[in-house]
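Here are my notes for a colleague who is new to this structure. Please read them with the model open beside you.

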Amino acid sequence: MALMRHDWIPFACAAVPRYTSYPTAVQFHTGIAEPAASDWAASVDHDDPISIYVHVPFCERLCWYCGCHTSVPNGYGRIERYLDYLHKEIELWASRLGPHGGVRHLHFGGGSPNALSAEDFVEVSEHICEAFGLLPEAEFAVELDPRSLTPERIAAMAVSGVTRASLGVQTLAPNVQQAINRVQSREMIAFAVEDLREAGIPAINMDLMYGLPHQSVDDVIDAACFAAATGADRVAVFGYAHVPWFAKHQRAIDSAALPGVNERFDQADAVTETLTSAGYAAIGLDHFARPGDEMARAASEGRLRRNFQGYTTDPCETLIGLGQSSISAFRQGFVQNTKDRRAWEDAVREGRLASEKGLKLGTQDRLRGRAIEALMCNLSVDTAAVCREFGLAEDSLDCALERAQPLEVAGLCTIDGRRLTVPEEARTLLRTVARCFDEYVPRANAEPRHAKAV
């Protein structure tokens with residue numbers, strides 16, 4: 001097993017973006033909002049397929065580790081009201097888009113999408129298919145909380161055409177589950193996997209976490225072995241981001257019980273060793289896939305992408321985000337819906353897109369974003385090739401390579417001509433290397449806006 005080198009500790013403790021976009025959402029501003037969203041949606045080419053993300057900001061119980069925009073509804077009435085406006089928002093976006101090539105990827109996230117009743121899930125899915133046109137080959141993915149996954153909800157997803165279910169496992173250690181307010185037995189999760197497969201939902205993902213309070217290396221190995229034994233097609237392993245200044249409910253977690261940076265590195269490395277030994281291919285920073293899975297094939301063929309949902313096989317340039325706080329992406333830039341429920345409702349009721357802020361992409365944003373994505377997906381980037389792709393001089397990213405030189409000395413990367421590569425033993429610090437391409441890196445004394453690298 002690899003060990004955290006002493007000279008890596010300052011890099012591991014630095015706050016670094018996750019780079020699910022570039023520039024990151026921290027750079028979004030109110031100067032780009034609803035008018036841009038409408039104009040950019042109208043400019044989508046008639047033949048271009050699109051992707052859709054649906055945000056369901058509700059959970060039956062709140063997990064203390066979560067940094068997502070979600071809440072406990074305390075009754076189904078709030079969900080019903082939300083769905084009323086969501087249906088109106090579907091129509092708004094459909095009218096702004098006009099003709100396009102249909103939906104290639106549909107993703108329900110949250111929160112917990114299975115907070116919706118079976119009937120409501122079917123209704124929303126059907127409305128999206130009618131309004132935007134789901135392609136026959138489309139992937140339809142849903143994030144699920146095993147604790148509230150009923151047979152009726154599974155049947156509704158099967159009827160709606162769901163092709164991939166992602167189960168939030170996180171950890172199986174009882175003491176860790178108690179510390180994060182997410183108690184679920186391994187039997188419950190195993191039954192959920194069996195029921196999903198019997199219903200005809202072919203692909204199963206599992207989300208695991210490391211760096212949780214009281215968590216040990218043995219705990220993460222146990223969870224990884226469980227995921228492999230149940231035959232999960234993909235496994236995502238996220239490091240817990242303790243950001244109580246951003247996610248207020250994380251204050252319920254005892255920070256003294258959190259593993260230190262060396263322990264976090266050991267946990268991440270142990271998961272990688274366990275899953276790769278079980279036959280999974282390591283994908284980018286934190287994903288693992290069975291060799292026959294489309295994500296493993298995309299990674300081996302250089303087709304892997306990264307967007308706001310993380311690693312994906314989705315090649316679409318246009319992503320429409322539905323619901324509070326959702327982010328939409330276009331060739332021209334990004335727009336994000338307001339997180340405020342009343343502001344979102346007011347906008348939709350008045351026939352306006354609820355886009356509150358965003359960012360228009362410049363040439364440097366696109367250039368650096370492409371380099372970051374290539375590095376995050378492949379652990380390697382040919383900066384000269386990226387520059388040629390944008391019609392720029394091959395030395396246009398040499399400043400980033402210069403910034404990476406101290407990291408090369410530390411063993412976090414190698415630079416060969418204009419190719420930068422992250423070695424396998426430094427995979428966990430991939431985001432730190434990607435930051436060399438980031439023009440928006442904050443000042444050293446700036447308030448932290450991101451989680452630590454490890």
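1. Helices (H or I, at least four residues) and strands (E, at least two) are DSSP runs, numbered from the N terminus. This is a predicted model, in which local features need pLDDT of at least 70 and side-chain atom pairs count only at pLDDT 80 or more, while totals for chains, interfaces and linings use all residues. Residues are numbered from 1 along each chain as its sequence is written, and side-chain values use heavy atoms, with hydrogens and water left out.

2. Strand β14 covers residues 355-360 and includes S355. With a relative accessibility of 7%, S355 counts as buried (buried is under 20% relative accessible area, exposed over 50%, partly exposed in between, with a 1.4 Å probe and protein chains only). Beyond its neighbours within four places in sequence, S355 is in contact (heavy atoms within 4.5 Å) with residues including A33, W93 and N337.

3. The whole structure holds 25 salt bridges, each a side-chain nitrogen of Lys or Arg within 4 Å of a carboxyl oxygen of Asp or Glu. One of them joins D222 and R186 at 2.7 Å, N to O; this pair links distant parts of the chain, since D222 lies in helix α8 (residues 217-229) and R186 in helix α7 (residues 186-198), 36 residues apart. D222 is partly exposed at 30%, and R186 is partly exposed at 32%.

4. Another salt bridge, at 2.3 Å from N to O, brings together the side chains of D346 and R349. These residues are separated by about one helical turn, because they stand three residues apart in helix α11 (residues 341-349).
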